[in-house]
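Subject: The structure we talked about

Hi,

Here is the structure I promised to send over. Please have it open while you read, and my notes on what turned up follow below.

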Amino acid sequence: MNPQLIQDSSVEERSGVTLLKSWLNKNMKVEMSDGRVLVGIFLCTDRAGNVIIGSCNEYTSDPDAAGGQVEDPRILGLAMVPGHHIAKIWVDDTTIRTNSPCNVDSDEGLEGL
């Protein structure tokens with residue numbers, strides 16, 4: 001194999017791949033074709049456009065809609081959304097989730113020991 005060819009292909013990355021990598025572990029809201037809304041953490045996707053969402057909650061309508069009645073979510077956990085059922089996607093641009101276990105000090109709760 002040509003080492004120059006390998007080096008050139010690793011340097012160039014398509015803009016879509018870069019965008020998807022920037023979405024990893026971000027909060028995401030997905031509206032499905034039947035009107036349901038899934039809210040969770042974007043974990044991965046594939047070439048078919050399927051999306052894996054972690055810590056996923058399902059709503060029958062948009063929980064952020066103005067004037068809408070807030071409903072209790074159905075907790076799904078890990079969910080795979082087929083790409084052909086995705087109508088819209090929103091990605092939260094903040095870097096750290098406020099409820100993330102990684103956002104807690106490691107010695108929190110140990111002061112009484």
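A salt bridge here is a side-chain nitrogen of Lys or Arg within 4 Å of a carboxyl oxygen of Asp or Glu. Please keep in mind that this is a predicted model. With that definition, a search of the whole structure turns up 6 salt bridges.

Let me start with Lys29, which takes part in two features. Its salt bridge partner is Asp62, with the closest N and O atoms 3.0 Å apart. Asp62 lies in the loop between S3 and strand S4 (74–81) while Lys29 belongs to strand S1, so this pair ties together parts that are 33 residues apart in sequence. Is Lys29 buried or exposed? Lys29 has a relative accessible area of 10%, so it counts as buried. Asp62, at 27%, is partly exposed. The charged end of Lys29 also sits over the ring of Trp90, 4.6 Å from the ring centre.

Glu13 pairs with Lys21, and their closest N and O atoms are 2.8 Å apart; Glu13 is partly exposed, at 39% relative accessibility. Arg36 and Asp34 meet through their side chains at 2.7 Å, N to O. Through shared partners, salt bridges join Asp34, Arg36, Glu58 and Arg74 into one network.

Next, the aromatic rings. The structure holds 1 aromatic pair, formed by Trp23 and Phe42 in an edge-to-face arrangement, with 6.2 Å from centre to centre and 85 degrees between the planes. Trp23 sits in helix H2 and Phe42 in strand S2 (residues 37–45), so the pair links parts that are 19 residues apart in sequence. The two partners are placed as follows: Trp23 is partly exposed, with a relative accessible area of 22%, whereas Phe42 is buried, at 2%.

Which residues make up the largest nonpolar core? That core has 10 residues in all: Met28, Val30, Met32, Leu38, Phe42, Val51, Ile53, Cys56, Ala79 and Val81. S1, S2, S3 and S4 are the elements that give two or more residues to this core.

Finally, a note on the backbone. Most residues other than glycine have a negative phi. Asn25 is not a glycine, yet its phi is positive, at about 65 degrees. Asn25 lies in the loop between helix H2 (15–23) and strand S1 (27–32), and at 52% relative accessibility Asn25 counts as exposed. Ser55 is likewise not a glycine and has a positive phi, of about 50 degrees. Ser55 is found within strand S3 (residues 51–59). Why does Ser55 count as exposed? Exposed means over 50% relative accessible area, and Ser55 has 52%.

Happy to go through any of this with you at the screen.

Best wishes

Technical notes: Residues are numbered from 1 along each chain as its sequence is written. This is a predicted model: local features need pLDDT of at least 70, side-chain atom pairs count only at pLDDT 80 or more; totals for chains, interfaces and linings use all residues. Side-chain values use heavy atoms; hydrogens and water are left out. Helices (H or I, at least four residues) and strands (E, at least two) are DSSP runs, numbered from the N terminus. Buried means under 20% relative accessible area, exposed over 50%, partly exposed in between (1.4 Å probe, protein chains only). Rings of Phe, Tyr and Trp (its six-membered ring) pair if their centres lie within 6.5 Å; planes under 30 degrees apart count as stacked, over 60 as edge-to-face and the rest as tilted. A charge sits over a ring if NZ of Lys or CZ of Arg is within 6 Å of the ring centre and within 35 degrees of the ring normal. A nonpolar core is a set of buried Ala, Val, Leu, Ile, Met, Phe, Trp, Tyr and Cys residues joined through side-chain atoms within 4.5 Å.
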